[in-house]
Amino acid sequence: SSGSVSISSADAGVSGVSGGMMLATGLASFGVSGLMDIATGSTSAGDSGYVGISTGTASGGTGGGISMSVGSGTNGAGGGISLVAGISSELGAFGGSVVIVAGKSSSSSGTGGALIMAAGDGSGSTGGSVAISSGAGVGSSSGDTALSTADSGNGGSSGQLDITTGMSLGGTAGGVNIAVGSSFYGLGGDISVSAGGPFDGAS
């Protein structure tokens with residue numbers, strides 16, 4: 001194996017703060033600023049390396065955060081952020097998953113972290129769109145999309161699921177469309193709406 005490279009700041013004292021670390025490329029007045037690439041090496045017969053980004057545990061305080069942001073564009077578009085899982089070419093294998101999970105609260109009276117997905121505002125034009133879709137099945141079925149709230153604990157209420165459109169100050173408010181797909185050689189999909197009933201665990 002090739003040798004490892006470790007770069008770290010020194011530990012702090014009993015009540016001090018450990019040293020910081022900053023990796024940055026230089027500024028560019030009229031050109032393009034430098035590129036920063038963090039990657040593991042490729043392999044031809046094994047598994048490629050792992051990249052982990054994490055903050056330390058806080059025994060008596062707040063855990064550190066991780067912030068990923070791209071620069072603004074004063075004369076063009078702002079930079080994008082892309083999270084893409086790996087492709088699998090092996091027969092019968094799955095492509096990589098993308099998992100985003102908010103933090104759990106282990107306290108008896110705590111609240112779990114929120115997961116917020118929002119498109120950008122449009123100051124003088126249209127705000128950004130949000131699209132959630134499953135993958136296409138080229139030779140088989142497409143993937144499912146599930147929107148649900150979790151079950152409640154004993155004596156609590158399960159979460160509510162709201163689908164609403166925004167208000168309109170001078171135009172037409174947006175509509176809500178619920179539709180199922182057509183089928184060329186089979187049956188069209190169904191729409192099923194049902195209300196919850198009592199459940200005592202006896203049946």
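**Note on the predicted model**

1. The secondary structure assigned to the protein comes to zero helices and zero strands, and this should be read with the reminder that the model is a predicted one.

2. On overall dimensions, the radius of gyration of the protein is 25 Å, whereas a compact globule of 203 residues would have a value near 17 Å. The C-alpha trace of the protein spans about 60 × 55 × 50 Å when it is taken along the principal axes.

3. Among the contacts in the protein with a separation of 6 or more, residues 24 or more positions apart account for 0%. The accessible surface of the protein comes to about 19200 Å², and carbon and sulfur atoms contribute 51% of that area.

4. On pockets, the largest pocket holds about 800 Å³ of space. Its lining is made up of 15 residues, of which Ile-38, Val-51, Ile-53, Ser-67 and Met-68 are the closest to the centre of the pocket. By residue class, the lining of the largest pocket divides into ten nonpolar residues, five polar residues and no charged ones.

5. If neighbours within four places in sequence are left aside, Gly-189 is in contact with Val-180 and Gly-181. As for Asp-151, which is 38 residues away from Gly-189 along the chain, the C-alpha atoms of these two residues are separated by 27 Å.

Conventions. Residues numbered from 1 in each chain as written. Predicted model: local features only at pLDDT ≥ 70, side-chain atom pairs only at ≥ 80, totals over all residues. Heavy atoms only, no water. Helix = DSSP H or I, 4+ residues; strand = E, 2+ residues; numbered from the N terminus. Rg over C-alpha atoms; globule rule 2.2 N^0.38 Å. Contact = heavy atoms within 4.5 Å. Areas by Shrake-Rupley, 256 points an atom, 1.4 Å probe, with all protein chains shown as cover. 1 Å grid on protein atoms, 1.4 Å probe; cavity = no way out; pocket = protein on both sides within 12 Å on 5 of 7 lines; lining within 4 Å. Points joined across faces, edges and corners; volume = space filled by probe spheres on them. Nonpolar A, V, L, I, M, F, W, Y, C, P; charged D, E, K, R; others polar.
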